[in-house]
Amino acid sequence: MPLFKRRKVASGDPIGEFWAWWTATGAESVATAIAKQDPNATAEVLAGYIARIHGSLDWELGPGLHSSHVLVVTAAGDPSTRAIARRWLRAAPASDETWEYADMRRPAPDVTIRFEGMPPVQIDAALVTIEADTREAALHVGVHHPTFSELPEHLQKRVTFLLLDLVLGEELVETWVGAIDTQVERPSDAVPIAELLPAVAAFAADHVAEDGGPSWRLMEGTTAAGHRLVATAMVPLRSVQLPHLDTHVAVSVPYKAAREDGLPLDETLSHLRDFEDHLSDRLGDSGRLLAHETAAGHRILHYYVDGTTPAAAQVEAAVIGWPDGRVAIDVSPDAGWEGVRHLS
């Protein structure tokens with residue numbers, strides 16, 4: 001599938017502009033160009049509209065799962081633009097017989113990777129090593145291909161990531177694959193790359209709660225001042241799961257009734273949970289509680305919200321009236337979820 005990039009062009013509402021053009025003439029003209037086996041005929045116009053949304057977005061056309069074609073507009077692994085790609089997708093019209101839409105590359109394991117002047121890279125010839133890391137909730141993957149010895153280093157790296165995207169799809173790679181290593185020499189413990197998808201699926205299944213949602217991890221430690229700290233976080237904690245939630249809202253809630261180790265008494269803990277539910281209900285789909293840390297008379301609730309909505313202001317309004325003191329709120333842009341990286 002061809003991949004295109006263009007420079008950023010400023011505009012007032014570029015996502016709205018794109019979909020207005022697409023629904024008026026774009027969808028039909030691009031489909032017609034594909035039918036005539038001349039997709040480049042509309043590539044420049046399509047690329048221009050996407051560039052106005054953000055210059056770092058990539059796009060590609062391909063066969064759809066339920067429609068004839070799919071248009072993919074992706075951040076290509078860049079956390080800083082994932083929210084933009086997801087907002088583009090959320091504004092998309094309903095799929096029809098001709099078009100469906102996605103903001104992440106889908107698996108395409110039957111594709112051959114080709115670079116001009118270089119040997120073709122057949123996907124099924126690749127081998128992988130797989131190492132499970134339960135603490136990081138990730139699989140560390142090494143990739144070997146017989147052609148690596150014939151490719152320059154920069155292409156070895158590029159092919160490594162392309163192979164993973166083509167076998168797993170961008171979402172699974174970003175969610176479940178941790179460290180990625182390019183292996184020029186064939187590892188002794190390597191297995192065919194076809195075994196990678198079932199391995200990732202099995203690993204992911206081990207991190208799903210009974211209700212089908214993400215699981216949560218309980219952690220303990222100490223603060224810099226030596227106080228006992230208990231933390232709970234969603235697993236896995238990756239921004240690719242909810243990329244439109246690009247703003248960190250840290251809510252520091254004081255509590256008075258504490259045990260000797262500084263953690264809340266049972267009754268206080270119940271009130272804190274009710275308070276969390278109250279904030280989450282106010283946010284609805286515009287935000288999500290991803291983690292909390294409790295120590296020394298304070299609980300920090302780590303919410304992430306959609307920065308294009310009034311969600312942060314809704315949180316600020318909802319904390320008024322907490323009986324144990326002033327609730328402090330810190331709001332900061334954080335598309336990569338760096339504010340909770342220490343809990344992942």
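This is a predicted model: local features need pLDDT of at least 70, side-chain atom pairs count only at pLDDT 80 or more; totals for chains, interfaces and linings use all residues.
Figure 1. K256 touches P323 and D324, when residues up to four places away in sequence are not counted. A296 is 40 residues from K256 along the chain, and the C-alpha atoms of these two residues are 9.7 Å apart.

**Figure 2. T175, a buried residue in helix α5.** Helix α5 covers residues 170-176, and T175 is part of this helix. Is T175 buried or exposed? T175 is buried, because its relative accessible area of 7% is under the 20% cut-off. With neighbours within four places in sequence set aside, the residues in contact with T175 are P236, R238, V240 and Q241.

**Figure 3. The packing of helices α7 and α8.** Two packed helices are described by the angle between their axes and by the distance between those axes. Helix α7 spans residues 266-283 and helix α8 spans residues 311-318. Their angle is about 145°, and their axes lie 9 Å apart. The crossing of the two helices is right-handed. On the α7 side, the contact is made by F275, H278, L279, R282 and L283. On the α8 side, the contact residues are A311, Q314, V315, A317 and A318. By class, the residues of this contact are seven nonpolar, two polar and one charged.

**Figure 4. The second largest pocket.** This pocket has a volume of about 410 Å³. How many residues line the pocket, and which are the closest to its centre? The lining has 21 residues, and T232, R273, E276, H292 and R299 are the closest to the centre. At least two lining residues come from each of the strands β10 (215-222), β11 (228-235) and β13 (287-295), and from helix α7. Helix α7 supplies the largest share of the lining, with five residues. Sorted by class, the lining of this pocket holds nine nonpolar, four polar and eight charged residues.

**Figure 5. The largest cavity, one of four cavities of 30 Å³ or more.** The space in the largest cavity is about 60 Å³. Its lining is made up of T74, A75, G77, R82, A85, D103, M104, E170, E174, V240 and P243. Helices α3 (79-90) and α5 are the elements that give two or more residues to this lining. V240 in this lining is also a contact residue of T175. The lining of the largest cavity has five nonpolar, two polar and four charged residues.

**Figure 6. The second largest cavity.** About 50 Å³ of space lies in this cavity. It is lined by 13 residues, and those nearest its centre are R217, M234, V235, L237 and S344. Which elements give two or more residues to the lining of the second largest cavity? They are β10 and β11, and β11 gives the most, with three residues. Both strands also supply residues to the lining of the second largest pocket. The lining of the second largest cavity divides into eight nonpolar, one polar and four charged residues.

Conventions. Residues are numbered from 1 along each chain as its sequence is written. Side-chain values use heavy atoms; hydrogens and water are left out. Axes are lines fitted to C-alpha atoms, for helices over the stretch in contact, and angles run from 0 to 180 degrees between N-to-C directions. Helices (H or I, at least four residues) and strands (E, at least two) are DSSP runs, numbered from the N terminus. A crossing is left-handed if the near helix is turned anticlockwise from the far one by less than a right angle, and right-handed if clockwise. Contact means heavy atoms within 4.5 Å. Ala, Val, Leu, Ile, Met, Phe, Trp, Tyr, Cys and Pro count as nonpolar, Asp, Glu, Lys and Arg as charged, and the others, Gly among them, as polar. On a 1 Å grid over the protein atoms alone, a cavity is a set of points where a 1.4 Å probe fits but cannot get out, and a pocket is an open set with protein on both sides within 12 Å along at least five of seven lines; lining residues have an atom within 4 Å of a point. Grid points are joined across faces, edges and corners, and a volume is the space filled by probe spheres set on the points. Buried means under 20% relative accessible area, exposed over 50%, partly exposed in between (1.4 Å probe, protein chains only).
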